[in-house]
There are 2 protein chains.
Amino acid sequence: MKFCSKCGAAVERRIPEGEDRERWVCSACATIHYENPRMVVGCIVEQGGHILLCKRAIEPRHGYWTVPAGFLEIGESAVQGAVRETYEEAGARVQVIAPYAHFDIPHIGQAYIFYRARMLAPEISAGTESLEVKWAEPADIPWAELAFPVVRIALELHTQEAKTSSYHMHTGILARDEASRYVLREHLALPLFHA
Amino acid sequence: MKFCSKCGAAVERRIPEGEDRERWVCSACATIHYENPRMVVGCIVEQGGHILLCKRAIEPRHGYWTVPAGFLEIGESAVQGAVRETYEEAGARVQVIAPYAHFDIPHIGQAYIFYRARMLAPEISAGTESLEVKWAEPADIPWAELAFPVVRIALELHTQEAKTSSYHMHTGILARDEASRYVLREHLALPLFHA
């Protein structure tokens with residue numbers, strides 16, 4: 001950030017009066033430009049022991065696999081955003097069953113929110129942001145070709161829990177361990193029941 | 001938004017190539033300025049049948065009561081943000097027990113995320129953003145003087161569930177009904193267990 005989006009003057013990095021941390025502040029009109037984490041919302045769509053995967057047609061991670069997910073937009077709820085992304089990326093009409101995970105990635109200012117979902121109609125098809133969509137059993141999930149560590153961690157938990165249908169609501173932080181591998185910290189897993 | 005924060009030129013409202021909705025786009029450098037919902041994180045702190053309330057010393061809603069909550073910052077998790085806000089506004093050191101609610105308010109681009117929490121030390125004190133802090137039993141909650149509808153709805157659900165200690169994870173959308181009163185839509189309440 002270099003310029004004030006309100007008046008066009010240069011911004012500077014300083015601690016505004018009454019606050020405790022540096023912000024971008026306009027040198028002319030004094031507007032404070034807050035930067036906040038963004039939510040990425042997505043669905044783990046379940047059907048007969050399979051889950052729905054998309055092969056990415058866009059960067060980052062072109063050609064790698066993920067669950068349908070994307071940035072939440074102004075004007076929609078997190079559930080609505082997850083359902084929209086699932087339709088856009090996988091051509092799938094779904095209904096959310098339950099929240100599944102809220103994983104923060106603080107160093108990049110993102111919060112991933114995953115829901116478990118079921119199909120409302122049988123069709124799936126690759127959207128413009130996907131090269132391919134498919135149903136995968138746990139044994140067929142391409143673990144080495146998943147696009148993002150946060151997706152790997154969510155699917156590791158989900159496939160484990162799917163064995164006994166004992167799903168939890170997961171809360172945690174993604175951070176790198178000593179070997180630079182992403183792991184889940186401050187993990188809180190609470191049993192969540194649904195009809 | 002009037003100017004590009006990257007180059008200072010004027011921005012215009014248009015649909016970028018490959019997208020499906022209008023964004024602010026720079027007329028000179030073509031940078032797309034995405035706007036996304038912001039997360040407000042807070043704690044419903046429980047102690048012996050009471051919950052912790054703060055009387056706001058700042059606008060909006062100066063003088064009205066709320067639970068400790070505020071905007072999530074880059075570099076922290078939602079849980080960490082809720083714990084930080086509780087210390088800043090109520091001087092209370094808390095530990096999160098469980099997620100309690102994720103309520104979206106789409107028309108203002110906000111997502112409220114509340115956690116149930118317990119005290120780690122007995123002290124409470126009004127921070128700079130609070131006029132007063134207090135413990136309230138359900139019967140003593142100043143319902144007519146709560147700062148925000150989202151707080152009223154969360155506390156209505158919580159006080160009801162506290163009677164039997166049968167807490168749920170709540171998901172929903174805040175919207176106005178025909179009488180212009182805020183109500184919860186698409187409400188999903190799933191029983192959440194903890195030790």
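Helices (H or I, at least four residues) and strands (E, at least two) are here DSSP runs, numbered from the N terminus. The model is a predicted one, in which local features need pLDDT of at least 70, side-chain atom pairs count only at pLDDT 80 or more, and totals for chains, interfaces and linings use all residues. Residues are numbered from 1 along each chain as its sequence is written, while chains are lettered from A and ligands numbered from 1 in the order in which they are written.

Consider the relation of the chains to begin with. Two copies of a chain are related by a rotation about an axis and a shift along it.

Next comes the interface. Two residues are in contact if their C-beta atoms, placed from the backbone, lie within 7 Å. By this criterion, chain B gives 37 residues to the contact and chain A gives 37 residues. On the side of chain B that touches chain A, the elements giving two or more residues are β4 (38-47), α1 (78-90), β8 (94-105), β11 (168-176) and β12 (182-191) of chain B. The largest share of that side, four residues, comes from β8(B). By type, the residues on the side of chain B that touches chain A are 20 nonpolar, 10 polar and seven charged. Here Ala, Val, Leu, Ile, Met, Phe, Trp, Tyr, Cys and Pro count as nonpolar, Asp, Glu, Lys and Arg as charged, and the others, Gly among them, as polar. The copies meet through the same surface, because 100% of the interface residues of chain B are also interface residues in chain A.

The backbone has some features to check. Most residues other than glycine have a negative phi, and most peptide bonds are trans. In chain A, the peptide bond from Glu59(A) to Pro60(A) is cis, with omega near -5°, and Pro60(A) lies in the loop between β5 (50-56) and β6 (65-66) of chain A. In chain B, the bond from Glu59(B) to Pro60(B) is cis, with omega near -5°.

Glu186(A), in strand β12 of chain A, has a positive phi of about 50° although it is not a glycine. Glu186(B) is found in strand β12 of chain B and also has a positive phi of about 50°. A residue is buried if 20 or more other C-beta atoms lie within 10 Å of its own, exposed if 12 or fewer, and partly exposed in between, with C-beta atoms placed from the backbone. Glu186(B) has 13 other C-beta atoms within 10 Å and is therefore partly exposed.
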